[in-house]
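Look at the structure first, then read the points below.

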Amino acid sequence: MGEAEMTAPSGAEELYRRSDGGDPPLVLLLGATGYIGGRLLPRLLNAGYRVRVLTRRPERAREFAASGAVEVVTGDATDPGAVRRAMEGVAYAYHLVHSMTGERDFRRIDRLIARNVARAAADAGVRRLVYLGGLSPRTGQLSAHLASRREVGEILLRSGVPVLVLQAGVVIGSGSASFEMVRHLTEVLPVMPAPRWVRNRIQPIAIRDVLHYLLRALRLAPEVKGAFDIGGPDVLRYDQMMNGYARLAGLPRRRIWALPVLTPRLASHWVGLVTPVPGSLARPLVESLQHDCVMRDHRIDAVIAPPPGGLTTYKKALRLALGRIEVDRVETSWADATVARAPSDPLPSDPDWAGRAVYTDVRVVETSASPEALWRVVSGIGGENGWYSTPVLWALRGWGDRVFGGVGLRRGRRSRTEVRVGDAIDFWRVEAYEPQKLLRLRAEMRLPGLAWLDLSCEAAPRTRYRQRAVFFPRGLSGRLYWFAVLPFHGLVFSGMARRIVAIAESEDAGRPLAN
């Protein structure tokens, strides 16, 4: 499988290149750090557009801004003023922000953002607004999340701006939450009791086809507006999707028993324990499968023709996803999205700690390893490599986090070798990354406080590895938590520092040491 096949569409194809002359139009991309937005952004640049992103954490968009064609506006989409500033001078806008969490007020937040976007787009005279919603069942009551997506689409359609609402079902691609659910459920459970929804019909769509429709939307005439269903060529049951993956992965056929007793809440907890997708994200995905969910019609074909060569089959979408994983070229992951209730503020500078309760654990080890060898080990932490010490304790901490609704350790990493700001690494988030110098991780596990882990490398006069854990406790429970885990720090953190240095030294000496 070639690189061109795996990355299509690139956006540079004539089919997607902007057709108007003059200066490149400005596109506002809301949701640029999410799974789909992160893939759409470079393709918009390839198609000849300038891009502006609105983000609460500008450091996550820093690598995009380095190109000079991406403008970063700091702000929150729930703030009308921030959305208005971001929309100034914009020709086209994408709304790819969804509250895919179990938060109680997610519908209110979605509604607020939609109204902000609709007003700002109308005031700015935007030529085209594109929203990616969800396929809805033909009959039956909508789940809360699908109902919210439909409401958002209706709010945008009333804005007076030419709006295209694309309604997609299950998205299959490397790193997508739906793909990871299918993949891990199939690999882990050869015999599986499952909810009744495994017998419902759904219409998956490959991520490349979603990008095709999103890119082509900017080439439409202003009079084209409304909501359109999009989907792949296959209509399948969920159990057929799982066994389709099993065949491709060389696994025996999975035996699946549909049970009437598993509610969406119970099923989401079960999915959260078996797969890397946490229960808070699994629940809206599970709820969307409660009824048959297929395209009502194919009106989209008269507006946007299918991609050259036709829509991607489910089998090919799986093959492409597995191919990208095999060569470690996963562009974006479901884990790129912000975790609900996780700390979002960056680590304060040391002088800002004055007057605050803070606990630290610092380990410094000098080594004969080269800085390059040491950094290879540091930047490969987490995921398949683990945390270089006491794997049982790390596994127990991850399991406990999943039980209490956290993301746990099984979230892994987007790439085995590459690190970028905003990446998820198990139950941490990369907050700062300076190659050969610093890897700062912000905790996203359930904690009675805020925590960070700094891993740094100093090159002179002798290579030195420095590791610092920082914890800001929240109330009495936070203080009790720190002292309860303190005895384990001697095992976990000191062992981690020694092991990282030992692996780096062995690799420098040409004797790889097992992790």
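The axes of helix H2 (residues 35–46) and helix H8 (residues 207–216) come within 11 Å and cross at roughly 55 degrees. The model is predicted: local features need pLDDT of at least 70, side-chain atom pairs count only at pLDDT 80 or more, and totals for chains, interfaces and linings use all residues. Residues are numbered from 1 along each chain as its sequence is written, and side-chain values use heavy atoms, with hydrogens and water left out.

**Helices H2 and H8**

- Helices (H or I, at least four residues) are DSSP runs numbered from the N terminus, and axes are lines fitted to C-alpha atoms over the stretch in contact, with angles from 0 to 180 degrees between N-to-C directions.
- H2 and H8 are therefore oblique to each other; angles under 35 degrees count as roughly parallel, over 145 as roughly antiparallel, 65 to 115 as roughly perpendicular and the rest as oblique.
- The crossing of H2 and H8 is right-handed, meaning that the near helix is turned clockwise from the far one by less than a right angle.
- On the H2 side, the contact (heavy atoms within 4.5 Å) is made by Tyr35, Ile36, Arg39, Leu40, Arg43 and Leu44, and on the H8 side by Ile207, Val210, Leu211, Leu214 and Leu215.
- This contact of H2 with H8 has nine nonpolar, no polar and two charged residues, where Ala, Val, Leu, Ile, Met, Phe, Trp, Tyr, Cys and Pro count as nonpolar, Asp, Glu, Lys and Arg as charged, and the others, Gly among them, as polar.

**Helices H5 and H6**

- H5 (residues 106–124) packs on H6 (residues 144–157) at an angle of about 15 degrees, with axes 9 Å apart.
- The two helices H5 and H6 are therefore roughly parallel, and their crossing is right-handed.
- Residues of H5 including Phe106, Asp110 and Val117 meet residues of H6 including Ala144, Glu151 and Leu156.
- Nine nonpolar, two polar and five charged residues make up the contact of H5 with H6.

**Helices H14 and H16**

- H14 (residues 371–379) and H16 (residues 475–508) pack at about 130 degrees, their axes 8 Å apart.
- H14 and H16 are therefore oblique to each other, with a right-handed crossing.
- Ala373, Leu374, Arg376, Val377 and Val378 of H14 meet Ile500, Ile503, Ala504, Glu507 and Asp508 of H16.
- Seven of the residues in the contact of H14 with H16 are nonpolar, none polar and three charged.

**Lining of one site**

- Helix H7 (177–188) and helix H15 (391–403) each supply at least two residues of the lining of the second largest pocket, a pocket being, on a 1 Å grid over the protein atoms alone, an open set of points where a 1.4 Å probe fits, with protein on both sides within 12 Å along at least five of seven lines, and lining residues having an atom within 4 Å of a point.
- H7 gives the most to this lining, with three residues.
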